[in-house]
Amino acid sequence: MLEVKHLSTSFFTDDGEVKAVRDVTFDLFPGETLGIVGESGCGKSVTAMSVLGLVQRPGKIVGGQILFKDRDLTKLNSEELRQIRGRDIAMIFQDPLSSLNPVLRVGFQIDEAMFAHDKIAKEDVPERGVNLLKQVRVPDAQRRVKDYPHQFSGGMRQRAMIAMGLSNRPELLIADEPTTALDVTVQAQILELLRDLNQEMGTSIILITHNLGVVAGLCKRVVVMYAGEIVEEGPVEQIFESPQHPYTWSLLRSLPRVDEKRHERLKSIEGLPPDLIAPPPGCKFNPRCPFRIEKCFSEDPPLEMVGTAQQAKCWVTMKRAYAEMNAATITDTRPGAASGVRPPAELLQVVADLRTLEEPEVLETLAENPQLLEQMVSEEPAALEQLVADHPAVAEKLVTEETAAAVDGAAEDEKSE
Amino acid sequence: MSSATLPASTPQAAPAGEPLLRVVDVKKHFNVGVAATVKAVDGVSFEVREGETLGLVGESGCGKSTLGRLVTQLIPVTSGEVVFNGVDLTKLRGERLRQQRKQLQIIFQDPYASLDPRMTIGDIIAEPLMNFGLLRGRQKDAKVQELLKVVGLNPYFNNRYPHEFSGGQRQRIGIARALALNPKLIVCDEPVSALDVSIQAQIINLLEDLQKEFHLTYIFIAHDLSVVRHISERVMVMYLGKVVEVSPSEELYLSQEHPYTKALLSAIPVPDPRIESQRRLIELQGEIPSPINPPSGCRFHTRCPIARAPGICADQEPPLEEKAPGRWAACHFSDEVRTKV
């Protein structure tokens, strides 16, 4: 039903091109529930926004196709897209309060979505509005349609958003973190509702979330994203049972679980996600991966089949990590710890060179290579410490000029106010 | 020493011995509008032993954050006592309260809002030291660098500004600031809920390491029950300003004495599709009632699957009682929770 092929979306900022989504390919079948998981900034929301043509300047779809029922959505003009949005594809957002207009009655806002398209006969709209609220289990719907959003609780607002999304009987519902702002008990109710919609009305759902538990409960298939790319994809049981990408594996192991047997130390993922303006060469996960090999620093792995219907973007894969690197028993999760692979030789060389230089030259090298300090923090903290001990001015330079400018700017803003 | 006798329904910190913190029948009522009060915390008693981690869970609006702020005396109590180290903090004012505060610190939820964007992180961490005039000059700088190291940040980042750091790093800065005065008790108010999954584990591990190293006592407030279970020895569940259950965390997750706890636990999604497909959700009726006008009797009776209403549940407030060793619950029919909910 939906085919996303080699989609790339970038944001053109003053600091450079932020490649938020890179070469993302997946498809969705009618009636399917697909989960897209990843951390903030991994590109999962931007992917959804791209599908709906909602990416705004400075963002832009820079490549690829989005085929919805054999029409390429990237080629449509804004009016044609408007026809599809809310009618065939609907979206619900994370924060139901800021997505509803506070000065309009909830009922009106639901009806408005139906009037905007001609799928529902005009005379049926008011009654359908009430029925929709009933369907999403808002109690006393007849009276509640006349309420304003502030009179609804968080869970009810999200239900109203879902009612609005469903009003034109869309074939695809994209839910972007629909339960993140809600309490667990309310979250469970909303998920139950989405599950029923999928089973009873056959609505396909793309669920975007960072919560792996939510995906496990609702989705049949899952796409895992990291730094703008799909790193793993497959049926939900397979991904949770035998993840093949070290990122998916680490993510699952880093969660405290209510059903865990005994209290043990969490296996955290060290480091931070990469800067999307200048991501590391090779695999984007290499600065944090305990299983990395030399090849990971230089060559970007392709997304390859690693089992029936399961794909992973990794040179090593967990199969090999278990067989050769004792993945089952590792407790040290630092980068390269399991494979024993040190950071790339070039980095070590630069660091070694730095120590022989005089202070002004050190500062110059650091200014030329803004990534270097961050790399040293994660890979060579001891060397960095030594460097700062030798050259106190380096510590001073840790405050970038950019910071100083931003602080001055803030001071001026305040003055002008 | 406090003169008040402990109400019978105070979950004691086991094993015996003088607890570090004892909260006695604490209430906090906020006046809203004319003749309306929000009973955010309404008669809560508990004890925390030195070196323990007490988890505090409940849905938004149950009063857990308010309780955290009452314990640290960031807001004054309406009534009740907060006895810390044998001293009733609610009776102290001015300088004497300020001196006690050294021992009580808090880590906030939002690492973006809790750091002043105009101060360098060195100044942020040094601020508590300056406030108490403890260290100056070189010594102060050395202490700041040591604290940065302790929380896993590069010590030479002390003259950077908060915006240069990610959420997880900012939370580390918040933790370093809380540690600056060598406190005994730290209230962690949702310290990981604003963070990404992979960063959450780093911060939880850090908090656990620090607890061992500095013999800290934590009150850990969170709405994520799996995180609370992981870090806490005992868990206290709140509903509408009242404690409904207190139990050792391992036991609480195996069986529950209060229907609300059971419903809350049944709602947590587990990252395992096989378990998820067999999960039985106990769906609660309706929404949390307003704390301005809470239900009579047991506050949970309007949503409780086993309540006798009309009947004892609507008429009488159940006391918090020890149902089994170390396990406290406020429910008239706790025997039925296991079989009928």
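Predicted model: local features only at pLDDT ≥ 70, side-chain atom pairs only at ≥ 80, totals over all residues.
User: OK. How many helices and strands does chain B have?
Analyst: Chain B has twelve helices and twelve strands. Its radius of gyration is 21 Å, close to the 20 Å that the globule rule gives for 341 residues, so chain B is as compact as a globular protein of that length. The C-alpha trace spans about 70 × 55 × 45 Å along its principal axes.

User: And what percentage of the residues in chain B are buried?
Analyst: Of the 341 residues in chain B, 52% are buried.

User: Tell me about helix 6 of chain B, then. How far does it reach?
Analyst: Helix 6 of chain B has 18 residues and reaches 26 Å from its first C-alpha to its last, close to the 26 Å expected at 1.5 Å a residue. Its buried residues include Val197(B), Ile199(B), Ile203(B), Ile204(B) and Leu207(B).

User: What do those buried residues pack against?
Analyst: They pack against helix 11 of chain A, and also against helix 5, strand 7 and helix 7 of chain B. Just after helix 6 of chain B comes His215(B), with a positive phi of about 50 degrees.

User: I was looking at Val227(B). Is it buried or exposed?
Analyst: Val227(B) is buried, because 26 other C-beta atoms lie within 10 Å and the cut-off for buried is 20 or more. Val227(B) is found in helix 7 of chain B.

User: Which residues is Val227(B) in contact with, leaving aside neighbours within four places in sequence?
Analyst: Pro256(A) from the other chain, plus Val192(B), Ile204(B) and Ala222(B). Ile204(B) is one of the buried residues of helix 6 of chain B. As for Ser193(B), it is 34 residues from Val227(B) in sequence and 9.4 Å away in space, C-alpha to C-alpha.

User: Switching to chain A. What is the strand order in its open sheet of eight strands?
Analyst: The order is 6-7-8-3-9-10-12-11, with mixed pairing. Strand 6 and strand 11 of chain A stand at the edges with a single partner strand each, so one side of each has no neighbour in the sheet. On average, neighbouring strands are turned by 20 degrees against each other, direction ignored.

User: How do strand 7 and strand 8 of chain A run, parallel or antiparallel?
Analyst: Parallel, with five bridges joining them. In that pairing, Leu172(A) stands opposite Ser204(A) in strand 8 of chain A. Helix 7 of chain A packs on the sheet, touching strand 6 and strand 7 of chain A, and its direction makes about 170 degrees with that of strand 6.

User: What about strand 1 of chain A, how does it pair with strand 2?
Analyst: Those two pair in the antiparallel sense over nine bridges, and a hairpin joins them through two residues. Val4(A) stands opposite Phe26(A) in strand 2 of chain A. Strand 1 of chain A also pairs with strand 4 of chain A, antiparallel over eight bridges. There, Thr9(A) has Ile61(A) as its bridge partner.

User: Which loop holds Asp140(A)?
Analyst: The loop between helix 5 and helix 6 of chain A. Asp140(A) has a positive phi, near 60 degrees, and counts as exposed with 10 C-beta neighbours inside 10 Å.

User: And Asn182(B), buried or exposed?
Analyst: Asn182(B) is exposed, with 11 other C-beta atoms within 10 Å. Asn182(B) lies in the loop between helix 5 and strand 7 of chain B, and its phi is positive, near 50 degrees.

Key
Residues numbered from 1 in each chain as written. Chains lettered and ligands numbered in written order. Pairing = 2+ DSSP bridges. Helix = DSSP H or I, 4+ residues; strand = E, 2+ residues; numbered from the N terminus. Axes fitted to C-alpha atoms, helices over the stretch in contact; angles between N-to-C directions. Contact = placed C-beta atoms within 7 Å. Expected span 1.5 Å × (residues − 1). Buried ≥ 20, exposed ≤ 12 C-beta atoms within 10 Å, placed from the backbone. Rg over C-alpha atoms; globule rule 2.2 N^0.38 Å.
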